[in-house]
Amino acid sequence: MTVIAACQLGLTVGEVEANRAAAAAAVEQAAAEGAELVVLPELCDSGYVFRDAAEARALATPVTGSPTLREWQALSRRYATTIAGGFCELGEDGLIYNSAALVGPDGVLAVYRKAHLWDAEKLVFTSGDAPPPVASLPFGRVGLMICYDLEFPEWVRLAALGGADLLAAPVNWPAMPVPAGERPCDVVRVQADACVNGDVHRGRGPVPGRAGGLLDRRHGHNDVFADRRPPLYRAVSG
């Protein structure tokens, strides 16, 4: 059984050192519980919801030399785990991106820039235009995307077609009341993403969560990839 930790942290905009310390403590706890992959929140180093683009720019760092990614690599090496988390990126083009990285003991395995910006994020960040990267880990291939991206089935399917067995998606979902006996809509949406791409759902555990299996897209005579008929879908892909 592969153990994956989805860490929920209370982050504060601009308190970079405190945010990094909270992330480090979460990684340590998750690793102690056997997590092979630790997923941290969206914009984990800078915090979320900026006053304006200038505030985000003041907190952004490039991938090369990023103190956040350097610390995640050290944590990954120390605790023998892989870390996926969001960070505020200053691109080599001078633009600001809402980004995520997958980091292992030997360095950065993948970087992704959020393609679908949520609400006022459009006033702060530039959207990425590259597909979700997929990286190989000992237990399977992990695709990387961020929060609102999960609401676009085409984007999730693109990662699945890229060979992803599992999606790591740093998010910053708001806390909202949920009627008794129901699950948050965001959780239902993610489970639906997994289901339509071949996941056999094994239930949700506490945080850190425990994943009971990887994606299985074939069932009897069915294959959710091979059975697709892309020419019929042109109206929704154009």
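1. The model is a predicted one. The protein holds six helices and 11 strands. Its radius of gyration is 18 Å, close to the 18 Å that the globule rule gives for 238 residues, so the protein is as compact as a globular protein of that length. The C-alpha trace spans about 55 × 45 × 40 Å along its principal axes.

2. Burial and contacts. Among the 238 residues, 45% count as buried. When contacts between residues at least 6 apart in sequence are considered, 65% of them join residues at least 24 apart.

3. Surface and charge. About 12,200 Å² of the protein is accessible surface, and carbon and sulfur atoms account for 55% of that. There are 21 positive and 28 negative side chains. The centres of these two sets lie 5 Å apart.

4. The largest nonpolar core. This core has 26 residues, and Leu37 and Met145 are the ones that touch the most other members. At least two residues each come from strand 2, strand 4 (96-104), strand 5, strand 6, strand 7 (140-144), helix 4 (153-161) and strand 8 (166-168). Helix 4 gives the most, with three residues. Apart from this core lies another, of 19 residues, which includes Ala24, Val27, Ile83 and Phe87.

5. Leucine 37. What does this residue touch, once residues up to four places away in sequence are not counted? Leucine 37 has contacts with Val3, Ile4 and Ala5, with Thr81, Thr82 and Ala84, and also with Leu102, Leu137, Phe139, Val142, Leu166 and Ala168.

6. Helix 4. Glycine 163 follows helix 4 and has a positive phi, near 105°.

7. Most residues other than glycine have a negative phi. Two exceptions deserve a look in the viewer. Leucine 43, with a positive phi of about 50°, sits in the loop between strand 2 (37-39) and helix 2 (53-59). Aspartate 119 also has a positive phi, near 50°, and its place is in the loop between strand 5 (107-113) and strand 6 (134-137).

8. Leucine 40. This residue lies in the loop between strand 2 and helix 2. Leucine 40 has a relative accessible area of 1%, under the 20% cut-off, and is therefore buried. Leaving aside neighbours within four places in sequence, leucine 40 is in contact with Cys7, Leu9, Ala23, Ala26, Val27, Trp72, Ile83, Ala84, Gly85, Gly86 and Pro170.

9. Leucine 9. This residue is found in the loop between strand 1 (2-6) and helix 1. Leucine 9 is partly exposed, with 23% relative accessible area. Beyond its neighbours within four places in sequence, leucine 9 is in contact with Ala22, Ala23, Ala26, Leu40, Pro41 and Cys44. From leucine 9 to valine 39 the C-alpha separation is 11 Å, and the two are 30 residues apart along the chain.

10. Alanine 18. Alanine 18 belongs to helix 1 (residues 16-32). At 47% relative accessibility, alanine 18 counts as partly exposed. Valine 124 is 106 residues away from alanine 18 in sequence and 23 Å away in space, C-alpha to C-alpha.

11. Phenylalanine 225. The loop between strand 11 (222-223) and helix 6 (234-237) contains phenylalanine 225. Is this residue buried or exposed? Its relative accessible area is 16%, so phenylalanine 225 falls under the 20% cut-off and is buried. The C-alpha atoms of phenylalanine 225 and asparagine 197 are separated by 7.9 Å, and the two residues are 28 apart along the chain.

Note on methods
Residues are numbered from 1 along each chain as its sequence is written. This is a predicted model: local features need pLDDT of at least 70, side-chain atom pairs count only at pLDDT 80 or more; totals for chains, interfaces and linings use all residues. Side-chain values use heavy atoms; hydrogens and water are left out. Helices (H or I, at least four residues) and strands (E, at least two) are DSSP runs, numbered from the N terminus. The radius of gyration is taken over C-alpha atoms; the globule rule is 2.2 Å times the number of residues to the power 0.38. Buried means under 20% relative accessible area, exposed over 50%, partly exposed in between (1.4 Å probe, protein chains only). Contact means heavy atoms within 4.5 Å. Accessible areas come from the Shrake-Rupley method with a 1.4 Å probe; for residues, only the protein chains shown count as cover. Lys and Arg count as positive and Asp and Glu as negative; His and the chain ends are not counted. The place of a charge is taken as NZ of Lys, CZ of Arg, CG of Asp or CD of Glu. A nonpolar core is a set of buried Ala, Val, Leu, Ile, Met, Phe, Trp, Tyr and Cys residues joined through side-chain atoms within 4.5 Å.
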